[in-house]
Amino acid sequence: MGTTKHPGPQKLPARPDPKLWVSAVPFGLGKLKPKHIRDTMKTLWQNRDNLPYAARILTQGACDGCALGVSGLYDQTLAGPHICTTRLNVLRLNTMPAIKPNRLHADIEELRKLSSAELRELGRIPYPLIRRPGDRSFSRLSWGEALDKIAAKFRELPPEQTAFYLTARGITNESYYAAAKVARFLGTNHIDNASRICHSPSKTALKRSLGIGASSCSYRDWIGTDVLVFWGSVAANNQPVSTKYMYAAKRKGTKIIVINPYREPAMDGYWIPSIAESALFGTKLADDFYPVNIGGDIALMHGVMKTWFEMEQERPGSAIDHDFVWEHANGFEQLRDKVNAQHWGELESSSGLSRVRIKELAELLAGAKSAVFVWSMGLTQHRHATDNISQVVNLALLRGFIGREHCGVMPIRGHSGVQSAGEMGAEPSSLPGGDFNEDNLERLEQLWGFPVPRWQGDIVGVSLENTRLPITHPRKLKLYYLSGGNFLETMPDPQFVRESLEALEVRVHQDIILNTSTLLDAKEAVIILPAMTRYEQPGGGTSTSTERMVYFSPEIEGPRIPEARAEWQIYSDLAARVKPQLKDLVAFADSQAIRDEIARVAPEYDGIQHLKQKGEVFQRGGAWLCEGGVCPTPDGKGRLIPVDVPKRGASLAGEFYVTTRRGKQFNSMIYGEKDSFNGAIRAAVLLNPEDAHTYSISEGEAIVLHNSHGTLHGKAHFADIALGNLAVNFPEGNVLFPMGVYESTAGIPEFNIAVALEKAEYFLQRKDKSYNKKGSLE
């Protein structure tokens, strides 16, 4: 990998730059924007019973919010303290006391009346719990009773009928690794994690194009690059500290381009609370927006490449870095032939952008000496997601934007630590230290001392489907061990998910709080185990950021939930009870012993064993992967991958294409009923005013989106979104998407689909009558 070391944080300019101000009115008074001071005061009030502990978490621990990698109040990109509302919003999860017994042991129907947000406010899970069929409430268990019951079920079932899942909830590398090892020790490869639902296509595409599975560059490369492109990523909403990096980039002359169906206000301008100038007057972030159709990204990228090839015919060397491509990439001719065969009419129709606009973007990138491409779920949550990202890499390879300063490709992560879930082996297609292949299997068996199953494990969606198989089917899932997560609010088709979870014989929830999925029934038992937060983990823990920085987060002194246990300890203890004669093979003396083992088993993580104190960090792979254009592929070259332009789903009159977005929330954890940036309520359907006029829909009017999979009742909210496209909030909009539709290569669920849009009054008047998709009576 790379040899250049990250140079560390740099300073921000001291003098203000009025050209970047959003408004001369201090603090954006009168504008729709987040109320950072108010939100900070709210956080102080929520944590008033544990303020000293809350302060220590913020100043000593590695952030358990997004994956920017802030340790304490500092990171490796910019000097000075960093804090954001995302981190403040999740802070209470770490400081709140246990749920009161009268609420915890209330009638289950009373608990089911509460939303996940309301359940979260009840407090922490205090001790192991069980609820069997017919039980009206949870009963208390000892740890020994709980683990013995789970272990007995593991012994009863063949490994193919058991599975593990790990969310991204502040989980450490140590816990991911322990879970991955224990799952194989127990004989199952059915293990998956939250990154499957977010960024699995990123890893798959980067592996096949560049031989890497993570960001090729660092956040520092944003600052001073010629062009910074956000593709289907709203970093200002989901990773707020990144707005400081954007500010620093703008001060260096970087142009910021946003490619997204919806012109997200947070990317237009942002008031950055930890920069005085920006806190007062705001900062203009994006220089230009390209409102691409949902699912039209490949058409746009092919249009850019087609323009480049046309430029090359007129003036060779004007768009393609031929020296770089010749030395460091394969497949140029095949890609050129595929792109040149595309018709401009198809590219314009699919992308939703004119040839003129596409040419503008192509010429901007062709004239740039450096660029960084950043993307998120706007590219990954499609059935052609791997192809989406391979085309981003094609753009970078054709221009030589790989393996050097201010250049790179970056799948920006939305949750702390999730980058390392696959690298620790907590997924069916990966193992610690490498892919799921025979060489790695044999290597691990030598290191671990026990056989590793060879059969292919299932991704989370298929595991849920397998709960519905006939009782005699050899892969019918009967025991699901869940570390965090709430599939009811993160997966498509909530009703299907509900039925799948209740079809399990035993369901284990290892978590810090209750959510709506923990209250569902099971055929034999639902067992809940209280976990520690990362700040409570004895001996501290580590997490890996988007830019491959591995941070140490120390154990922080403070109040404890007496019976909560470290997640890695729970896995190890469970495995010892399932196979007591082999327990020494999965026993860990402490978290340091796990880090020592990770360094041996996953060579790229050599260095993690030395992280022992607050603020210690190292970057896996160096500042740039593929440094100098040399990739970790068999021939050392990247691969240019030609693909077809996918067909979009909405084609009938009255049909729209809909996607999901995040409002005032952190992943599925909702923190407010109104979006701070656009004023939209949770039931809002973002709709272009021209489309609304066509269907005589007024602002705020009740409307219905429906297709063969589900129905969503919402309110029209006019927005700057591409014509023919709609956006709804996640998870409310998940009812419109079917289970069982996955991206063919990486297995991510589809979160974009065609729907019919109607006024609610028309839909309700005709709901008992037969009418076709156009809404006309038959």
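**View 1. Salt bridges and polar contacts between domain 1 and domain 2.** Two salt bridges, each a side-chain nitrogen of Lys or Arg within 4 Å of a carboxyl oxygen of Asp or Glu, are counted between domain 1 and domain 2. By class, the side of domain 1 that touches domain 2 has one nonpolar, six polar and seven charged residues, where Ala, Val, Leu, Ile, Met, Phe, Trp, Tyr, Cys and Pro count as nonpolar, Asp, Glu, Lys and Arg as charged, and the others, Gly among them, as polar. The model is predicted, so that local features need pLDDT of at least 70 and side-chain atom pairs count only at pLDDT 80 or more, while totals for chains, interfaces and linings use all residues. Residues are numbered from 1 along each chain as its sequence is written, and side-chain values use heavy atoms, with hydrogens and water left out.

**View 2. Extent of the interface between domain 1 and domain 2.** The domain assignment, automatic or from a database, gives domain 1 as 101-197 + 416-621 and domain 2 as 200-412. Between them the two domains bury about 960 Å², of which 37% is on carbon and sulfur atoms; buried area is the accessible area (1.4 Å probe) that two parts lose on being put together, summed over both. Thr546, Glu547 and Arg548 supply 49% of the area that domain 1 buries against domain 2, more than any other three residues.

**View 3. The salt bridge of aspartate 521 and arginine 131.** The side chains of these two residues meet at 2.8 Å, N to O. Aspartate 521 lies in the loop between strand S16 (506-511) and strand S17 (525-530) and arginine 131 in strand S1 (residues 129-131), so the pair ties together parts that are 390 residues apart in sequence; helices (H or I, at least four residues) and strands (E, at least two) are DSSP runs, numbered from the N terminus. Arginine 131 is buried at 4% relative accessibility, whereas aspartate 521 is partly exposed at 32%, with buried meaning under 20% relative accessible area, exposed over 50%, and partly exposed in between (1.4 Å probe, protein chains only).

**View 4. The salt bridge of glutamate 597 and lysine 181.** The closest N and O atoms of this pair are 2.8 Å apart. Because glutamate 597 belongs to helix H25 (residues 591-601) and lysine 181 to helix H8 (residues 173-185), the pair ties together parts that are 416 residues apart in sequence. Glutamate 597 is buried, with a relative accessible area of 11%, and lysine 181 also counts as buried, at 3%.
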